[in-house]
Amino acid sequence: MRAARNGAQRRGVSLALDILQDVAFTVGGVILLFLVWHTWFNDIVAGSAQNQASHQLAQEWSAPAPSATPTETSGTPTPRPSVDPTQIPVLGSHSDGEAFATLIVPRFGTDYERVIAEGIDPETVLNSSATGVGHYPESAALGEIGNFAVAAHRTTFGAPFAEIEKLRLGDHIYIETPDGWYVYSYRNTAYVWPADVNVLNPVPTTSLEAGQRLLTMTSCHPELSSAERIIAYSVFDYFAPRELGVPAEIQHLREGTA
Amino acid sequence: MYRLLWRALPGNLWAKIAQTTGLLLVAVTALFLWVFPWFVATFMTTNVTVN
């Protein structure tokens, strides 16, 4: 009787250990898979989808391919359009989540481009595979004197600003709209606390002058943390109207579309 | 748990291996496409904005 009871107890313990072992094995496997997904798979899939969405949007804006000028096809730089403040279009307001521009940063990769949408809502803009970069509604409109500020993830959800720390002085940042390309030159980076909304001011830092068109890019810092924010400041360089063709540096992205 | 599942799978060794591989693929696909995105969106989204 006692032997039978002991045997049943041993079987029960053995079964419990078996289940515990399987559960531990499963949890370990899921954690490993999550790390693979989080650090590699998700960014590739979402980033690719965001890139594709941006490319499609640009295609929609493109007029039927005009005949390229000899200087454009020879690979030499397109003449830099003169800066005439009266000819820089100012984009009007947009509804929340509306895609209105694309962001092209050669430093982030030769094929890099992302959609800029209105608002910084995580669900509809920042985490979306169709957008990825969000414009702070309280900041200046594109083309307006002041600070055009955008936010994007540095890790996960396509990580549009994964390479933000690699920007170098003078790097060009292009913002494409149906009218053409707003070209900014990267100036400097700052690290601030999450509540430092001064970075959205028309003149966010003393190192920048008033009365300029600025581009401010914000993301989390350090990577995989939201303890701080990394802020990249750029100043407006020139506007390239679509009629003059695609700026030489990013011509490869728009071959056959503009 | 896994032992019981292995025993419950029909067929010879190779058939069991093929079925196990299929089940693993289904599980990984479900995790990658639905479970992990939901988990991150719900519990792990890092804030990238200043506010």
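Colleague: Where does Pro222(A) lie in chain A?

Modeller: Pro222(A) is in the loop between β7 (213–221) and β8 (228–241) of chain A; strands here are DSSP runs of E with at least two residues, helices are runs of H or I with at least four, and both are numbered from the N terminus. The model is predicted, so local features need pLDDT of at least 70 and side-chain atom pairs 80 or more, while totals for chains, interfaces and linings use all residues. Residues are numbered from 1 along each chain as its sequence is written, with chains lettered from A and ligands numbered from 1 in the order in which they are written.

Colleague: What is the peptide bond from His221(A) to Pro222(A), cis or trans?

Modeller: Cis, with omega near -10 degrees. Most peptide bonds are trans, and most residues other than glycine have a negative phi.

Colleague: Which value describes phi of Thr156(A), and where does Thr156(A) lie?

Modeller: Phi of Thr156(A) is positive, about 65 degrees, although the residue is not a glycine. Thr156(A) sits in the loop between β4 (146–152) and β5 (172–177) of chain A. Ala159(A) is in the loop between β4 and β5 too, and its phi, near 40 degrees, is also positive.

Colleague: Why is Thr156(A) called buried?

Modeller: Thr156(A) has 23 other C-beta atoms within 10 Å, and a residue is buried at 20 or more (exposed at 12 or fewer, partly exposed in between, with C-beta atoms placed from the backbone). Ala159(A) has 22 such neighbours, so Ala159(A) counts as buried as well.

Colleague: What makes the eight strands of chain A a closed barrel, and in which order do they run?

Modeller: The barrel runs β1-β2-β3-β4-β7-β8-β6-β5, with mixed pairing; two strands pair if DSSP finds at least two bridges between them. β4(A) and β7(A) have six bridges and pair in the parallel sense, with Gly146(A) partnered by Arg213(A) in β7(A). Strand β3 (residues 132–135) of chain A and β4(A) are antiparallel over three bridges, and His135(A) has Val150(A) as its bridge partner in β4(A). β5(A) is joined by six bridges to strand β6 (residues 180–192) of chain A, also antiparallel, where Glu176(A) stands opposite Trp181(A).

Colleague: How do you know that β4(A) is mostly covered?

Modeller: Six of its seven residues are buried. Val150(A) is among the residues with the most contacts inside the largest nonpolar core, which has 59 residues; such a core is a set of buried Ala, Val, Leu, Ile, Met, Phe, Trp, Tyr and Cys residues joined through C-beta atoms within 7 Å. The largest share of this core, seven residues, comes from β8(A).

Colleague: Which residues does Ile175(A) touch?

Modeller: Leaving out residues up to four places away in sequence, Ile175(A) touches Ala101(A), Leu103(A), Ile116(A), Leu142(A), Trp181(A) and Tyr182(A); contact requires C-beta atoms, placed from the backbone, within 7 Å.

Colleague: What makes chain B more spread out than a compact globule?

Modeller: Chain B has two helices and zero strands. Its radius of gyration is 18 Å, well over the 10 Å of the globule rule for 51 residues (taken over C-alpha atoms; the rule is 2.2 Å times the number of residues to the power 0.38). The C-alpha atoms of chain B fill a box of roughly 60 × 20 × 10 Å along the principal axes, and 10% of its residues count as buried.

Colleague: How many residues of each chain take part in the contact?

Modeller: Chain B gives 15 residues and chain A 28. Helix α2 (residues 13–44) of chain B supplies the largest share of the chain B side, six residues.

Methods: Contact = placed C-beta atoms within 7 Å.
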